[in-house]
Amino acid sequence: MNAYTEFTERTVDYAKLLNDFKQLLKANGLKFTIQREVILEMLYNSDEHLTPEGLHHLIQQKHPELNTGIATVYRTLSLLEDSDMVTSLSFGAQGKKYELGAKDHHDHIICTSCGTITEFVDEEIEHRQKEITERLGFVMQEHSMQIYGVCKTCQETKK
């Protein structure tokens with residue numbers, strides 16, 4: 001049995017997420033618009049970690065009639081990230097990639113060659129992190145693990 005599992009399951013129903021989003025917008029004095037809903041929906045239905053530009057491009061492809069501006073994408077992502085509905089992974093000069101926070105905790109393996117991101121859960125790693133923080137007198141509130149390297153496909157391509 002593998003010590004880790006790939007991780008793709010969503011833990012929040014879209015209707016609940018949408019309701020939370022509407023409440024978030026209202027609490028921030030913002031209107032609920034179809035453009036903002038499409039941003040949330042695209043994030044929910046995507047298995048990828050998207051840059052704001054990638055998300056914008058996807059929306060333009062699937063919903064050209066909405067005329068959603070890149071500024072709307074950036075502002076909406078910022079609001080979602082500030083409220084912990086979305087999380088981001090930073091890629092330095094390449095910017096951030098976003099994922100919906102509607103998943104249980106998981107970690108990431110990131111290919112530095114092609115940018116592929118693989119999500120995984122490893123109970124042994126989780127247990128060791130808890131042991132280490134307790135031994136050092138910390139109370140862990142949250143953590144994020146990102147492992148950088150070169151994926152199997154990129155390794156084989158370079159051969």
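How many helices and strands are there in the protein? Colour the model by secondary structure and you can count 6 helices and 6 strands. Keep in mind as you go that this is a predicted model.

**The whole chain**

The pattern along the sequence reads β-α-α-α-α-β-β-β-β-α-β-α. Of the 159 residues in the protein, 35% are buried. As for contacts with a separation of 6 or more, 54% of them link residues 24 or more positions apart.

**Into the core**

Hide the surface and select Phe-21, Leu-40, Leu-43, Leu-55 and Leu-80. The largest nonpolar core has 24 residues, and these five touch the most other members. To see where the core comes from, highlight helix H1 (14-27), helix H2 (34-45), helix H3 (52-62), helix H4 (70-82) and strand S3 (96-100), each of which supplies at least two of its residues. In soluble globular proteins, nonpolar side chains tend to be buried together.

Most residues other than glycine have a negative phi. Here are two to check against that.

Select Asn-67, in the loop between H3 and H4. Asn-67 isn't a glycine, yet its phi is positive, at about 50°. Is Asn-67 buried or exposed? Its relative accessibility is 65%, and the cut-off for exposed is over 50%, so Asn-67 counts as exposed.

Then move along to Asp-84, which sits in the loop between H4 and strand S2 (86-90). Asp-84 also isn't a glycine, and its phi is positive, at about 65°. With 63% relative accessibility, Asp-84 counts as exposed.

**A nonpolar patch outside**

For the last stop, bring the surface back and pick Ile-132, Leu-136 and Phe-138. Together they form a nonpolar patch on the surface, with about 310 Å² of accessible area. Where does Phe-138 lie? Look in the loop between helix H5 (123-135) and strand S6 (146-149). Phe-138 counts as exposed because its relative accessibility is 57%.

Key. Residues numbered from 1 in each chain as written. Predicted model: local features only at pLDDT ≥ 70, side-chain atom pairs only at ≥ 80, totals over all residues. Heavy atoms only, no water. Patch = residues over 30% accessible without salt bridge, like charges linked within 9 Å, V, L, I, M, F, W, Y side chains within 5 Å. Areas by Shrake-Rupley, 256 points an atom, 1.4 Å probe, with all protein chains shown as cover. Salt bridge = Lys/Arg side-chain N within 4 Å of Asp/Glu carboxyl O. Helix = DSSP H or I, 4+ residues; strand = E, 2+ residues; numbered from the N terminus. Buried < 20%, exposed > 50% of the residue type's maximum accessible area, 1.4 Å probe, protein only. Core = buried A, V, L, I, M, F, W, Y, C linked by side-chain atoms within 4.5 Å. Contact = heavy atoms within 4.5 Å.
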